[in-house]
Amino acid sequence: MATDTNGKHTDDLVLPTYVRDDTSHPALHTPEYRSTALRTPQRPLHLLPQNLTEVTGPLLGHERVGEHDHDLTVQHEGEPLGERIVVSGRVLDSDGRPVPDTLVEVWQANAAGRYRHSGDRHPAPLDPNFSGVGRCMTDDQGRYRFVTIKPGAYPWRNHDNAWRPAHIHFSLFGRAFTQRLITQMYFPGDPLFFQDPIFQSVRDPKARERMICRFDLDNTVPEWALAYHFDIVLRGSRATPFENEDDDDDD
């Protein structure tokens, strides 16, 4: 009979269960979002307890973040085209406490609405000075900050005349590679919200609002870049809606 690290019989252990909140988070299968049919689990989900390998590696700390990884406008020899913006905020837990030393990654389309990805066939121009990928670590107050270009909308063939609202993908890693959460940040007042099934897959309108950043005049850089604020809450009644797994890069 197997035992855990404390010598207790594993047969006696009670593993926690997971109950999805399909009101605040996207349902696993959303018919309007057609590609969910291909990746919706067909069998009941099972909790996989983390072993030593998952807990101890790979390392996801400061040593993985380069000097300019947070600034997507200076990663190439030339300057990217488009509207410069600053996106900042805090990563918080359910009690509003900051979550420090968390790896935050972003990826996005360029100002013309095209990803630098071989699978993106949108006939918009590529920007040789913009890769659309960044990363940073939260500080001791849970704060992060990115400098980037405001992404453009793009067509994506999900339904007739389908266009995705401008958005930035966010990925957050915890203490291990298996502790990953993914969400999308949208911009206020976007006219495409009403027909975007990814945004609409979050059924609670108040939860949808938590995916929309707010204009942040205090952090705007005069005569250089507008700023937006986006807090990410990991759990609880104010949790930011999270995706279930990686979407394709052109989603």
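**View A. Lys150 and the ring of Phe187.** In this predicted model, the charged end of Lys150 is placed over the ring of Phe187. The distance from that charged end to the ring centre is 5.0 Å.

**View B. Arg164 over Trp156.** Here is another charge over a ring: Arg164 lies over the face of Trp156. The ring centre of Trp156 is 5.6 Å away.

**View C. The Phe146 and Phe170 pair.** Eleven aromatic pairs are found in the structure. In one of them, Phe146 and Phe170, the ring centres are 6.4 Å apart and the planes stand at 80°, so the pair is edge-to-face. Phe146 belongs to strand S4 (residues 143-149) and Phe170 to strand S7 (residues 167-173), so this pair ties together parts that are 24 residues apart in sequence. Phe146 is buried, at a relative accessible area of 2%, and Phe170 is buried as well, at 1%.

**View E. Arg210, buried without a salt bridge.** Look for Arg210 in the loop between helix H4 (205-209) and strand S9 (214-215). Arg210 is buried, yet it has no salt bridge. Asp204, the nearest side chain of opposite charge, is 5.2 Å away, whereas a salt bridge requires a side-chain nitrogen and a carboxyl oxygen within 4 Å. What does the side chain of Arg210 reach at 2.9 Å? That is the backbone oxygen of Ala239. The backbone oxygen of Arg238 is also reached by the Arg210 side chain, at 3.4 Å.

Terms used. Residues numbered from 1 in each chain as written. Predicted model: local features only at pLDDT ≥ 70, side-chain atom pairs only at ≥ 80, totals over all residues. Heavy atoms only, no water. Helix = DSSP H or I, 4+ residues; strand = E, 2+ residues; numbered from the N terminus. Buried < 20%, exposed > 50% of the residue type's maximum accessible area, 1.4 Å probe, protein only. Lys, Arg positive; Asp, Glu negative; His and termini not counted. Polar contact = N/O pair within 3.5 Å; in protein donor to acceptor, adjacent residues only side chain to side chain. Phe/Tyr/Trp six-rings, centres within 6.5 Å; stacked < 30°, edge-to-face > 60°. Lys NZ or Arg CZ within 6 Å of the ring centre and 35° of its normal.
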